[in-house]
Amino acid sequence: MAFFQGIRRLILAIFRKILFLWVRTQVAGATPEALGLNPKQPVCYVLQYSSLSSCLVLEQEVLRAGLPHNTRKKTPKSAAVPWFVFLYHRVGRLLRGGRQTLVGTDNFKAVVRHAIKNPDQDWHIVPVSLFWGRSPDKEKSLFKLLLSDTWSVVGRLQKFLIILVNGRNTYVQFDKALRLQPLLEEYRDSEELASRKLARLLRTHFRRVRQAVLGPDLSHRRTLVEDLLRTQAVKQAVRDIAAQQNMAEDKAQLKAYKYADEIAANMSVATVRVMDVLLTWLWNRIYNGVSVNNIQVVRDVARDNAVIYVPCHRSHIDYLLLSYVLYQNGLVPPHIAAGINLNMPLVGSILRRGGAFFMRRSFRDNPLYATVFNEYMHVMLTRGYSVEYFVEGGRSRTGRMLQPRLGMLAMTVRSFLRNHQKPIVFVPVYVGYEKVMEGRSYLGELRGKKKQKESVFGLAKTVRKLNNSFGRVALNFGDAIPLTEVLDHTQSDWRELSYGTDYRPPWLNQAVSALSARVAQNINAAVAVNPIGMTATVLLGNERPAMGETQLVRLMDQCADLLRACPYADTVTLPDGSGSDWLAYSEAMGLVGRQPQKLGDIIVLQGSNAILMTYYRNNIQHLFALPSLIACLFENRHSLVRKNIVFLASIAYPYLQSELFLKYQGDEQVTHIINRWLDVLIAQGLLLKQEDGRIARPVDGTDAMVRLRLLSRFIIQTLERYHIVVGILRRYGSGKITTEALEEQSTLLAERMSILFGLNAPEFFDKNLFRHFITALQSNDVVNTDEHGVIYYDDSLDKVAKDARLVLSVEKQQAIENVTRMGI
């Protein structure tokens with residue numbers, strides 16, 4: 001018997017060598033730590049379907065990864081427990097998979113039997129999923145049916161063809177081990193029931209993994225478009241537009257068809273694979289690496305939910321990068337909402353085949369288009385497709401998170417209310433660049449240059465940048481947001497109501513606003529701090545964008561210590577190394593200059609880099625918002641009572657939260673985090689605790705005072721903008737100025753101050769920020785407006801003005817008042 005087993009092992013080893021002359025694999029989760037294995041307990045790997053090729057791939061990857069195994073243990077017939085088993089094997093004709101029946105394997109039952117008889121052995125069951133090529137299945141597509149791994153169970157001949165075509169694109173996923181003994185606790189008297197329970201758990205697990213990797217079954221694009229036109233909502237919209245515009249229904253129907261054809265994606269697995277190869281080359285050429293963090297969040301939610309990816313929008317690279325990372329990590333690339341401006345010749349076709357569906361910037365005045373697009377989104381979500389869209393609407397030119405646009409979020413919520421059988425989960429994604437490709441064009445736009453329209457010619461010009469290095473890029477996945485959780489908090493009885501196609505419940509806006517705020521907050525809570533951001537933050541915190549090398553390095557290390565002492569969120573990532581490493585890296589990237597000097601080299605920001613670096617500072621500004629606010633309170637006061645510090649910081653917090661999307665909610669949580677930051681600042685010597693219980697700033701001229709002043713400058717310009725708005729309002733008086741005029745006056749005066757005081761921060765006079773602050777004043781009942789937009793206020797505004805003066809230096813207060821007086 002041992003002789004025959006040795007011959008069998010030799011033959012299988014030869015087959016494995018032959019197979020891997022062709023096959024190339026990508027493997028996920030193949031480490032003992034990721035699998036949660038106990039080295040003292042036996043392990044059994046489980047594949048779903050019996051297959052010699054799958055067996056050979058599994059053995060190769062287990063050996064390659066150094067995972068525990070015992071290839072000498074074979075079948076139950078030799079009284080040994082196998083180290084791997086198949087859950088099911090086929091019973092049927094040899095070459096025809098369609099008429100085969102799946103039944104449980106004897107080996108699988110043997111493992112359960114052995115575990116019941118030996119309760120002291122806590123078997124670890126490791127599910128292993130294997131995909132020969134990864135593509136969504138398309139009905140009526142012979143190519144996809146024959147040559148891609150799909151949801152169907154195929155026969156041996158078809159499996160041979162799949163391996164032949166897709167063997168070099170094989171994906172193997174090891175998932176966390178299940179402990180067998182706790183699962184069998186209630187069925188020790190029945191081997192049959194115990195086997196059924198374990199099989200049911202594994203069957204559900206494999207289905208969820210397949211859903212996450214392949215996505216739901218896809219309809220053919222043409223079929224999808226035709227299905228859209230047959231929905232009741234589109235039919236009614238066609239009838240309405242025909243009646244309103246006095247046209248034939250056939251003509252209106254054709255118009256609806258053109259809209260659907262313009263919108264719909266046409267995902268092609270061939271395009272996805274080609275893009276995977278091209279993007280791998282591209283990232284290796286222009287980036288020093290792509291780091292991915294917290295992707296397990298996506299793996300966990302993608303198995304049972306329709307996933308909406310909501311990344312921040314910094315660059316056109318964002319959507320390419322996210323799809324690439326998901327595909328590389330064994331997850332189906334999402335369908336991406338793209339602006340119609342990207343539907344350019346050739347480029348639009350490639351993007352559409354890569355999963356993009358196109359939308360017009362505005363369709364408020366086109367009800368037929370709006371209905372077709374809404375129904376397309378509804379089909380996508382109810383069928384469980386993963387979707388990606390940018391809640392900011394456009395790319396951020398300042399490096400800050402923009403105010404969310406509510407359109408796509410509202411569309412998603414309304415679709416879910418109509419049909420909530422398939423749960424929807426939002427996954428925020430932070431994309432962090434050390435050097436954004438469009439940085440120079442953003443500078444031009446912030447200086448007033450007109451935004452250039454996307455074109456093939458403009459794309460060709462971008463190709464010239466491929467010789468440049470753009471550093472590293474980070475993709476951080478934030479905490480997932482189940483839509484049901486948001487709805488439960490907003491309207492607890494939402495499941496009991498019925499929703500038609502056009503019905504908008506009165507609480508819809510509240511739910512969408514809460515969802516948008518949480519998405520933005522979770523994106524910011526997943527920020528990737530990089531060397532460029534740290535260098536920019538400290539250098540720009542100085543009065544002039546220049547600093548001695550030794551001091552700059554020390555201050556960067558101290559700022560990093562602050563972030564470590566009071567972590568903003570578990571999903572925030574900090575750069576490796578120290579301040580000296582970060583400075584050297586920033587120099588190598590060409591973003592800072594060095595002026596040699598006998599007393600020590602000086603690091604400077606020269607020319608346009610002084611403005612460009614504000615972009616990277618703004619990426620991480622929210623992390624320092626609260627400690628910087630506390631530092632600002634000591635601009636005009638030598639010491640304060642802790643209670644007053646907490647009170648003053650709490651008053652300013654809602655405005656900072658609204659602008660920077662800070663995550664802390666409620667008075668209790670805000671008070672707690674302010675007190676925690678006070679303790680950190682005291683522990684690090686930036687503030688001093690006096691004997692009478694008051695908290696004081698350090699002595700002027702000391703290193704600690706230099707650090708405190710630097711910290712205060714991280715947020716001071718934001719507070720100065722608030723003071724400009726309040727100053728203009730009080731100068732005009734209640735009922736004397738409209739919100740539009742206030743925005744305009746504030747923008748002009750901020751621009752003037754920027755010139756007078758040399759403020760290299762274009763967002764300082766960003767009209768949108770002034771608009772948002774005025775809205776925040778309204779939300780906090782400090783001001784209100786009438787139907788004509790005229791602003792009214794009472795004595796509460798004077799209190800805000802008084803509190804604002806506490807955080808500004810006397811010089812700044814006087815300067816703002818002078819500029820305000822000149823501007824009116």
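## Helix surroundings and cysteines

The cover over the buried residues of α22 includes β16 (546–548), α23 (549–565), α24 (579–588), β18 (602–604), α25 (609–620) and α29 (703–712). The model is predicted, with local features needing pLDDT of at least 70 and side-chain atom pairs pLDDT 80 or more, while totals for chains, interfaces and linings use all residues. Residues are numbered from 1 along each chain as its sequence is written, and side-chain values use heavy atoms, without hydrogens and water.

In helix α22 (residues 531–541), 11 of the 11 residues are buried, so the rest of the structure largely encloses this helix. Buried means under 20% relative accessible area (1.4 Å probe, protein chains only). Among the buried residues of α22 are Pro 531, Met 534 and Leu 540.

Helix α12 (residues 269–286) and helix α14 (residues 317–328) have axes that come within 10 Å and cross at roughly 110 degrees. The two helices, α12 and α14, are therefore roughly perpendicular (65 to 115 degrees). Their contact (heavy atoms within 4.5 Å) involves residues including Met 275 and Trp 283 of α12 and Leu 320 and Tyr 324 of α14. The residues of this contact between α12 and α14 comprise nine nonpolar, two polar and two charged.

Zero disulfides are present in the structure, a disulfide being a pair of cysteine sulfur atoms within 2.5 Å. Two cysteines are listed below.

| Residue | Relative accessible area |
|---|---|
| Cys 559 | 5%, buried |
| Cys 632 | 0%, buried |

Methods:
Buried < 20%, exposed > 50% of the residue type's maximum accessible area, 1.4 Å probe, protein only. Axes fitted to C-alpha atoms, helices over the stretch in contact; angles between N-to-C directions. Helix = DSSP H or I, 4+ residues; strand = E, 2+ residues; numbered from the N terminus. Parallel < 35°, antiparallel > 145°, perpendicular 65-115°, else oblique. Nonpolar A, V, L, I, M, F, W, Y, C, P; charged D, E, K, R; others polar.
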